[in-house]
Amino acid sequence: MRVQFKTSYDTDIRLFKDRYQLAWYAVLGATLIALPWLIDVFMLGEITNVLIFAIAGMGLMILVGQTGQASLGHAAFLAVGCYANVILQQRAGLPFVVAFPLAGLISGVLGALIALPMVRLHGIYLAIATLAMSVITEDIIIIAEPLTGGVGGLFAPDISLFGYVINRYGDPAAFYWFTLAVTLFCVWIYRNLLRSPLGRAFAAVRDSEVSAQAMGVNVPKTKAIAFGVSTFITGLSGAILGHYIGVFTPEAFNVLVSIQLLLMIVVGGLGTIHGAFFGALVIALLPTGIGMARDWLAANVGLTTTAIPGLETATFGVILIAFMLFEPMGLYGIWAKMRTYFELFPFYRQGMFVRQKSYLKTERMR
Amino acid sequence: MSLLSVRNVTMKFGGLVAVNDVSFDVEKGEVFALVGPNGAGKSTVFNLISRFYDPFEGEIVFDGENLLDHAPSDIAQLGIARTFQNIELFENATVLQNMLVGRHTHRTSNLLSELFFLPSVRRAEIAHRRAVEDAIDFLNLHAYRDQLIAGLPYGVRKVVEMGRAMAIGPKLLLLDEPASGLSMEETQDVAFWVEDIKKIRGITVLMVEHDMHLVASVSDRVMALADGKRLALGTPQEVQNDPEVIKAYIGAPDDEQEAA
Amino acid sequence: METIQLLVSGLANGCIYGLIALGFVLIYKATEAVNFAQGDMMMLGAFLTLGFANSNFLGLPFLIAVPLAILSMGVIGYLIDIVIIRRLFGQSQVAIVIVTIALGFVMRFAAGNIFGFEPQTLESPLIGRDVTVGGIFLGLDELLVIIATIGLTVGFWLYFSNTKLGIAMQAASQNQLAAYYMGIPVKRVQSLIWAIAGMMAAVAGILYASKGSIDPNAGLLGIKAFAAAVIGGMGSLPGALLGGIIVGMIEPFASRYIPAGYSQVMPYLLLFLMLVFRPHGILAQVHRKKV
Ligand SMILES: Nc1ncnc2c1ncn2[C@@H]1O[C@H](COP(=O)(O)OP(=O)(O)O)[C@@H](O)[C@H]1O
Ligand SMILES: [Mg+2]
């Protein structure tokens, strides 16, 4: 482990811990920017999909991982972002550069407003309330047919950035770069949150509400803000998603998508930005992975399997259960262990990460 | 005028009268101790001051403000910091982060400036850290600065909680059993700190404590509670020698025989 | 006339929601775990019955298939606890929410691949039979649902308040630690609760299937049942049943008198109103943490 000498207050505040970390992220960033030249168009599309999920994941992570509020309803805000973005462009005639951030803002404000009655709820009540919200959203979109096209759905136009037109299929590299830029923006504001008072207030609310209150944190307001920031980011993701899938119906934002988003960040690792990305990789690449495994089996073992319906979701379910049983910190937990292993090589001891024994914390008491 | 004045406060939980018509004043600059057997209502008094509960009757005035007009999250802003009997730290955060939460009342930035981490936010953060480092110095917490609370020993957690309360920069510090579960040496440290908090920092202290030795050595005045009622109030000696207090602690053999 | 028919069909639906909610609340009350797979267990129970009874599967006599399915679901519930839930002890409630949702995915997958994804009907002796009471047509299936639910609830209540195990369960649900000190085998009681919840899911599933068709996504009905559980108050068994009946009764009247589209929203609207104005349900108790 690299020992770090802290010489100024700024050491904790900087975005990168030290030069090694900076170098590592610089390499990662350069690779991501160069990706369109490194992989084929199909994979580039897949990676774009990963980024879209990662943005949504970060949004949800702020709420669940950072503030400790479980939401089983975030597909609703994907929908809000997606529909608002397209409606603002097509009906209000706003250019994309205005409609896109505005869609995020609408989603954020709506999220904070909806949160207001919900912030008094805990654990299971909140989970059910958000689940119900997600169910209703589908119905509301259908009811609002004149605006949303009802069950028929809407077409997303091409993205037009200051006159430069980006079509997902016509110009996949540009679409990817745009998504990457939004992703980096979201990572940046997420990191900024973590190092400022509000981010600490989120953590305070997550870990002990009474104590947060005694420190002067207005708990309901903080939760509502967490909802707002979370749904703002998720809304942005929804807006890109709309352009990515081209045509969308209420079905694309049903309650199963909400559930999947939550499960995704859990598999990735709650409470970390990495977790959102790891989870997105799993969700977005699992179908492709299963498809490739099937092809491989057919080619190398001579075993032709017919497509098994629902295999992806079930596999995902099993992965998730395995994680909860053996590695509750998700993929991030595994990654952190590996990193420590290499940093300490050859001094890594078994049992360095022995889980703290925890006792049943009753959640009937608040 | 007293810094804190609790007037005829009564608190009921269902049929249980946890605090029964209790009054006391805490003067600026003193260390005031609340003693009494378990279940006497001491923590409930703290929780009432923290506004976690609405009292059934009575009023609480702090520094000229009627606390009952304020929400629980405004109490810290008014200058009252506290610790908890069973430690309520933010488990999944580091010692530094915990203490920085104590600076929340000094937050000058808003959502937007924080999302973009404007230079003003950076400057404020540095100021917060300076204040917190000061508390870390005072309580000798350097060794644990960047560790998660979840992995810390009990004694250290107690100290961190005190540090977090100090980071608020309060006028009044409420300490709920600061020495319970601590070793002899650690208790000694607490005694020194409480002295220093009073003398050097000029912070008024209201504390609940069972260790009579600690109470006698640091507090100026003591109030004894039993079954929610005030038994005695005076200097440590006076209270320790009060017949009512002795009876409450040792039990009242006569009464019990009568009841049986 | 029509009102009575709506009332009966609402009541029948409500009983099924209520039964799912009952299993959900039973587990919650006794173990603080939240079983989001209760709806899927209902679906699985229905399919198992169908698998045992229908002629294109095993074709057993209906009266053998039913207890067999109930028993199988009891075993499945028991296994879920000892293999998975028990090991999550000490993790947060959300962890269990997530695991049970994942279990639901797996059950849906299993049911779909074994029994098919198309809606199927249970070959029940009751299907399509009506009775006429005072000139009102009532489905025998609906009446059966109502009668069975009443019977089950009464039986359950008697069991809870009179048998040793029932009392142990009650004790465990009120204070696990204290129950443990009293010598109640809390872990075993917990597994048995999961077994009972599994059996209740099976009963709900059989009743559901005898009213219409069943497909692997029927478990999503569970969401409505959870709403019902909250409306009724998560802490109380009668409340769960009541919540289910309320939700069930709203639906037919809403779809009769309110434009389609809006009517589906009604149960959830009620849930929101409930959460905003009575956050902890009609009949529940939630305490604040003592510090
Ligand atoms: N939130 C609460 N709900 C119900 N009873 C409470 C609550 N808080 C405290 N009590 C009861 O009030 C009495 C006083 O408690 P407390 O103030 O914690 O005593 P102590 O003097 O030991 O700190 C006890 O009988 C306790 O059980
Ligand atoms: Mg106490």
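Biologist: How many cavities of 30 Å³ or more does a search of the whole structure find?

Modeller: The search finds 6. This is a predicted model, in which local features need pLDDT of at least 70 and side-chain atom pairs count only at pLDDT 80 or more, while totals for chains, interfaces and linings use all residues. Residues are numbered from 1 along each chain as written, chains are lettered from A in the order written, and side-chain values use heavy atoms without hydrogens or water.

Biologist: What counts as a cavity?

Modeller: On a 1 Å grid over the protein atoms alone, a cavity is a set of points where a 1.4 Å probe fits but cannot get out; lining residues have an atom within 4 Å of a point.

Biologist: How much space lies in the second largest cavity?

Modeller: About 120 Å³, a volume being the space filled by probe spheres set on the grid points.

Biologist: Which residues line the second largest cavity?

Modeller: Among them are L131(A), L256(A) and I259(A), together with F36(C), D40(C) and R108(C). Helix 4 (93–115) of chain C gives the largest share of the lining, 3 residues; helices here are DSSP runs (H or I, at least four residues) numbered from the N terminus.

Biologist: How many of the lining residues are nonpolar, polar and charged?

Modeller: The lining divides into 9 nonpolar, 1 polar and 2 charged residues. Asp, Glu, Lys and Arg count as charged, and Gly is among the polar ones.

Biologist: Turning to the interface, how many residues of chain A and chain C are in the contact?

Modeller: Chain A gives 51 residues and chain C gives 55, with contact meaning heavy atoms within 4.5 Å.

Biologist: How many salt bridges cross the interface of chain A and chain C?

Modeller: The rule, a side-chain nitrogen of Lys or Arg within 4 Å of a carboxyl oxygen of Asp or Glu, finds 0 there. On the side of chain A that touches chain C, helix 6 of chain A supplies the largest share, 13 residues.

Note on methods: Helix = DSSP H or I, 4+ residues; strand = E, 2+ residues; numbered from the N terminus. 1 Å grid on protein atoms, 1.4 Å probe; cavity = no way out; pocket = protein on both sides within 12 Å on 5 of 7 lines; lining within 4 Å.
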